[in-house]
Amino acid sequence: MAPSEEDGSLEEKENKKKPLSPFATAWLTFYNITMTAGWLVLAVAMIRFSYQKRTHKGLYRSIQKTLKFFQTFALLEIIHCAVGIVRTSVLVTGVQVMSRIFMVWFVIHSIRPIQNEESVVLFLVTWTVTEITRYSFYTFNLLNHLPYFIKWARYNFFIILYPIGVVGELLTIYGALPFVKKSGMYSLRLPNKYNVSFDYYTCLIIVMIAYIPLFPQLYFHMLRQRRKVLHGEVIKEKED
Ligand SMILES: CCCCCCCCCCCCC[C@@H](O)CC(=O)SCCNC(=O)CCNC(=O)[C@H](O)C(C)(C)COP(=O)(O)OP(=O)(O)OC[C@H]1O[C@@H](n2cnc3c(N)ncnc32)[C@H](O)[C@@H]1OP(=O)(O)O
């Protein structure tokens, strides 16, 4: 709904951002520094592994604990939005974070034969570059010392990295399908005492199809953020 005159113009609203409480600022600063450090550790580990082993095989296994820890920790971002300490849509953040949690725990962790696929490296590298940029952007922004190149990187890298990451994720799920079909993992066949059936193979296909409507929403959200932050356009986001 467009704001009425009483509500004030959008521009006024933008300028009147509610300041964060000292506790929220301290928590977010701690959270963002921790996440930047975590993804930097992952980046260094990946570079070291590639340099020493000269292959991508075994890369995932060597970094899996750190990856699982920091990607799972990102669940807090949904809570940050829900309690209102960050001004982002719960829905947009929820889709982004949950799709990553799904990839980490229900795809790469669970389906071992795909852990050495090249497509895994594709999304691991794009996630890592993105998250180092994103969390350092939030940190410097909170400290009111944001270097322009970090802001530029935050709102330009995604243009290329987002589609590449999605291709990596989709190729990995696609590569997992034959193993899931053969093993029947996480599936429940009738008859059973609960009288319900579940087919993980079909579930993975549905997840892949879900990228078609959901990914463009995230991508266009980022394009709007880019216009707002880099070009100063005032854009009204839909409410959740
Ligand atoms: C359970 C099964 C689910 C199955 C679903 C299947 C379909 C899924 C399709 C989804 C595909 C996702 C693929 C993806 O995983 C692939 C990749 O990531 S590849 C690598 C490239 N990726 C990216 O570039 C990711 C971009 N995404 C994001 O940045 C965020 O996740 C997103 C939520 C999409 C956008 O972020 P946000 O809305 O927060 O935008 P801003 O950064 O501009 O921030 C807005 C304002 O909030 C403040 N903010 C946000 N977080 C913080 C924080 N941690 N600390 C401090 N402040 C924060 C920020 O400063 C802004 O404030 P203001 O407007 O006041 O300046």
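User: Which residues in H8 meet which in H9?

Analyst: From H8 come Phe158, Tyr162, Val166, Leu170, Ile173, Tyr174, Ala176, Leu177, Val180 and Lys181. From H9 come Tyr200, Tyr201, Leu204, Val207, Met208, Tyr211, Phe215, Tyr219 and Met222. Contact here puts C-beta atoms, placed from the backbone, within 7 Å. This is a predicted model: local features need pLDDT of at least 70, side-chain atom pairs count only at pLDDT 80 or more, and totals for chains, interfaces and linings use all residues. Residues are numbered from 1 along each chain as its sequence is written.

User: What classes of residue make up that contact of H8 with H9?

Analyst: It has 18 nonpolar, no polar and 1 charged residues. Nonpolar covers Ala, Val, Leu, Ile, Met, Phe, Trp, Tyr, Cys and Pro; charged covers Asp, Glu, Lys and Arg; the others, Gly among them, are polar.

User: At what angle do H8 and H9 pack?

Analyst: About 175°, with the axes 10 Å apart. H8 is residues 157-183 and H9 is residues 200-231. Axes are lines fitted to C-alpha atoms, for helices over the stretch in contact, and angles run from 0 to 180 degrees between N-to-C directions.

User: Roughly parallel or antiparallel, then?

Analyst: H8 and H9 are therefore roughly antiparallel. That term is for angles over 145 degrees.

User: New topic. How many helices and strands are in the protein?

Analyst: There are 9 helices and 0 strands. Helices are DSSP runs of H or I with at least four residues, and strands are runs of E with at least two, numbered from the N terminus.

User: Which residues come nearest the ligand?

Analyst: Gln96, Ser99, Tyr138, Phe158 and Gly165, out of 36 around it. A residue counts as near if its C-beta atom, placed from the backbone, lies within 6 Å.

User: Which helix gives the most to that shell?

Analyst: H9, with 9 residues. By class, the shell has 20 nonpolar, 11 polar and 5 charged residues.

User: Which residues does UniProt list as "transmembrane region"?

Analyst: The unreviewed UniProt entry lists 26-47, 157-177 and 198-220. Such annotations may be inferred rather than shown by experiment. In the model, 26-47 is 100% helix, with its end C-alpha atoms 32 Å apart. Residues 157-177 are also 100% helix, with ends 30 Å apart.

User: Where does pLDDT stay under 50?

Analyst: Over residues 1-15. pLDDT is the predictor's confidence in each residue, from 0 to 100. The protein averages 92, and 90% of the residues score at least 70.

Technical notes:
Parallel < 35°, antiparallel > 145°, perpendicular 65-115°, else oblique. Contact = placed C-beta atoms within 7 Å.
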